[in-house]
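Walk me through a few local features of this chain. Start with a single loop residue, then move to a strand and a helix pair.

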Amino acid sequence: MSDTETETIYPSASAEAQARQMQQRCEASFRHVVSDLERAVGLPEGRPLRTVKSPFTGMDTLGVPQATLADLDQAIVRARAAGRRWGNAPAATRARFLYKLHDLLWEYSDEILDVIQWETGKSRYHAYDEIQDIALNCRYYARILSRAVREERRRGAFPGVTRTFVMYEPKGVVGVIAPWNYPLSMGITDAIAALAAGNAIVTKPDSNTPLSVVIGKVLMMKAGLDPDLFILVPGRGSELGTPLIQQVDFMMFTGSTATGRVIAKQSGENLIGVSAELGGKNPMIVLEDARVDDAVAGLVRSAYANTGQLCVSIERLYVQDSIYDEFKAKLIKRINDMKVAVSFDWETDMGVLISEHHLETIDTQVQDALGKGAVALTGGHALPEISYTAYAPTLLEGVEEGMTLFNHETFGPVVSLYRFHTDEQAIALANDTNYGLNASVWGQPSHAVAVARRIEAGTVNVNEGFTAAWGSTDAPMGGWKDSGLGRRHGIEGIRKYMESRTIAVQNRAVPIAPIMGLSQEQYVKVLKFALKAMRRLHL
C-alpha cells in the first residue's frame, strides 16, 4: 500500500496502527482454521491469486487462487463421481455430518467471526447471525432428513386396487452462486440442504468474500465430508457463471433481481431448475396500537442490521398518523445514539459497507433524493472519520416518486419514513412495489396479523422485523413478484434439490381397462358409476 493510499484511508496514525493489529488478528484466526489456503480451495498449483481490500482494515486480505474454465469442467466431473456415492449413503450418515458441522461451527466461532468481519466490515453481533443461521439449518435438516427423503404413500387412482408411492432422488450436481453480504451463511446454508438431499455442490463464492466460504469448506471436511462434494471455483461471475449453469442439474442464486433474471433465463434454456432469492424494497407498518418503543427498536434492528446490506432489511417505514410524531422523535434519537465503528466490540451497533463503490452507489441515491426535495432527518452522509466505507444510518422524509430510492432497492442503511391514516392505505402503500420478499407489521397481535395476511410478500413478521420468519427454519422463505423464485427452509428447501419418481402398482385382477367381456361403452358406464359413488363417499 502506498503512503498516499494510507493517508487517504486512515484518519490518523493511531487508526492505521489499530488497523494493522486487527489485520494480524484476522489473518491469524483464518490460519488457525485453514492451515493451507491453496490446498483447501483445491485448484491445481500455479493458479493466479486474487486479493481484495478489506473494508474492516483497509488492507488486502489473503490471495485466493482463481479457477479457469478447465478447472470448472474438472470440478463438475469430480462432483458427479462423489455425488453418486453420497446419494447412496443412508440418511443417517448425512444427518451425522450435519450435526458434526453444527458442533464445529461453535468450536471455531471466535475465529469465524474474525474472518467474516475482516471480509465484510460488519459488526461482530451481525457476523454472529451467520453462524447462528447455519447452525439452525444444520440442526433442522438433520432432524427432518429421514422424513424428507423417504418414500411416501399417496392416494392411488382407485382405492384398494391402485397402490401409489413417491420416491425422492438427488438432482445430481447443484451449482451455487453465493453473495458477498452474508458470505459464510449464504455460501453454505443452501449447500447444506442440497447435501442433505444427496447432491454434490459446485460453488462460486463472491470475489469480494471468498475466505469465509473457504472456512466453510474446511469445516465440512473436518466434519467428514468428501472434499469433492463441496468444490469451490473462485473467479469472475462473467467468466464462470454461464459455463457453470450449462453443466449442473440445478442452480441456486442469491443476489440482485437483474442478475437473477439472467440466471433464470440461462437455467431455463438448459431445462434445469433454479431457485433464487433476489432483491427487496421491504416495508414496515406501525399501526396505531403498536408499542412505540418496541417498534422503534425493531426498526433499528431490521433496517440497519449488516449496515442495511440485507435482502430482507426494511427500507420503507409507514407509521400511523396518531403516533407519527412521537415515533419519529424517538426513532431519530435512537438512530443518533447508534455506535458505528470498525471494531471487534460486541457493543458496536453497525459496521461499515462492503466497498467504496457500494458506498458511492448508496450516496448517489441519497443525494438524488435530497436534491429533489427529500429531507434527511438524520444521517445522509459518509463517515470518513470512522472508515473509508462507513456511512451514517440514515432516515429520510419526503421521499417521492421520481427519486431513485423511492422504488429501487438501496441495499444500505437508508430508510424512507411515511405517514398513513388508515389500514387500507398502509396495505396499499406496502404492496405498491414490484418486490415482495419480506415485510413487518407492528401492533396489537390480532390487528397486526389481519394486516399481515394482506401483504404481498413471501414472509411477513408481526412485531419483529425479519428474524422471526428467517429463524423459523421449518417454514418456507422466499420472494413474490420480482423478489425471486423457489423457497429455502422447510421441507420445500430440501425437496427442491430432489427429483420425484411416482410408482403406481395396479392390482392385476382389476386393470384400468374393460374386463369380464365388457364393451368400452359398458366399461365407461361402470367407471361413471364408480366415480360418482366415490364423490358421495368423499373418497
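**From a loop to a helix pair**

R155 counts as exposed, because its relative accessibility is 68% and the cut-off for exposed is over 50%. Bear in mind that the model is predicted. R155 sits in the loop between β3 (152-154) and β4 (162-170). Set aside its neighbours within four places in sequence, and R155 is in contact with T164 and L539. For a sense of distance, take S472. R155 and S472 are 317 residues apart along the chain, and 30 Å separates their C-alpha atoms.

Now turn to E277. This residue belongs to strand β9 (residues 273-277). Is E277 buried or exposed? Its relative accessibility is 6%, so E277 counts as buried; the cut-off for buried is under 20%. Its contacts can be listed without residues up to four places away in sequence. E277 then touches M252, F253, T254 and G255, along with C311 and L437. W470, M477, S483 and R488 complete the list.

Next comes helix α12, which covers residues 292-304. The helix has 13 residues. From first C-alpha to last, α12 reaches 18 Å, close to the 18 Å expected at 1.5 Å a residue. Just after α12, N306 takes a positive phi of about 55°.

How enclosed is α12 by the rest of the structure? Largely so, because 10 of its 13 residues are buried. The buried residues are V292, A295, V296, A297, G298, L299, V300, S302, A303 and Y304.

The crossing is right-handed.

Which residues of α12 and α13 meet? On the α12 side they are V292, D293, A295, V296, A297, L299, V300 and Y304. On the α13 side they are I323, E326, F327, K330, L331, R334 and I335. By class, the contact of α12 with α13 has 11 nonpolar, no polar and 4 charged residues. The spacing within each list has a simple background. An α-helix has 3.6 residues a turn, so residues three or four places apart point the same way.

Methods: Residues are numbered from 1 along each chain as its sequence is written. This is a predicted model: local features need pLDDT of at least 70, side-chain atom pairs count only at pLDDT 80 or more; totals for chains, interfaces and linings use all residues. Side-chain values use heavy atoms; hydrogens and water are left out. Helices (H or I, at least four residues) and strands (E, at least two) are DSSP runs, numbered from the N terminus. The expected span of a helix is 1.5 Å times one less than its number of residues. Buried means under 20% relative accessible area, exposed over 50%, partly exposed in between (1.4 Å probe, protein chains only). A crossing is left-handed if the near helix is turned anticlockwise from the far one by less than a right angle, and right-handed if clockwise. Contact means heavy atoms within 4.5 Å. Ala, Val, Leu, Ile, Met, Phe, Trp, Tyr, Cys and Pro count as nonpolar, Asp, Glu, Lys and Arg as charged, and the others, Gly among them, as polar.
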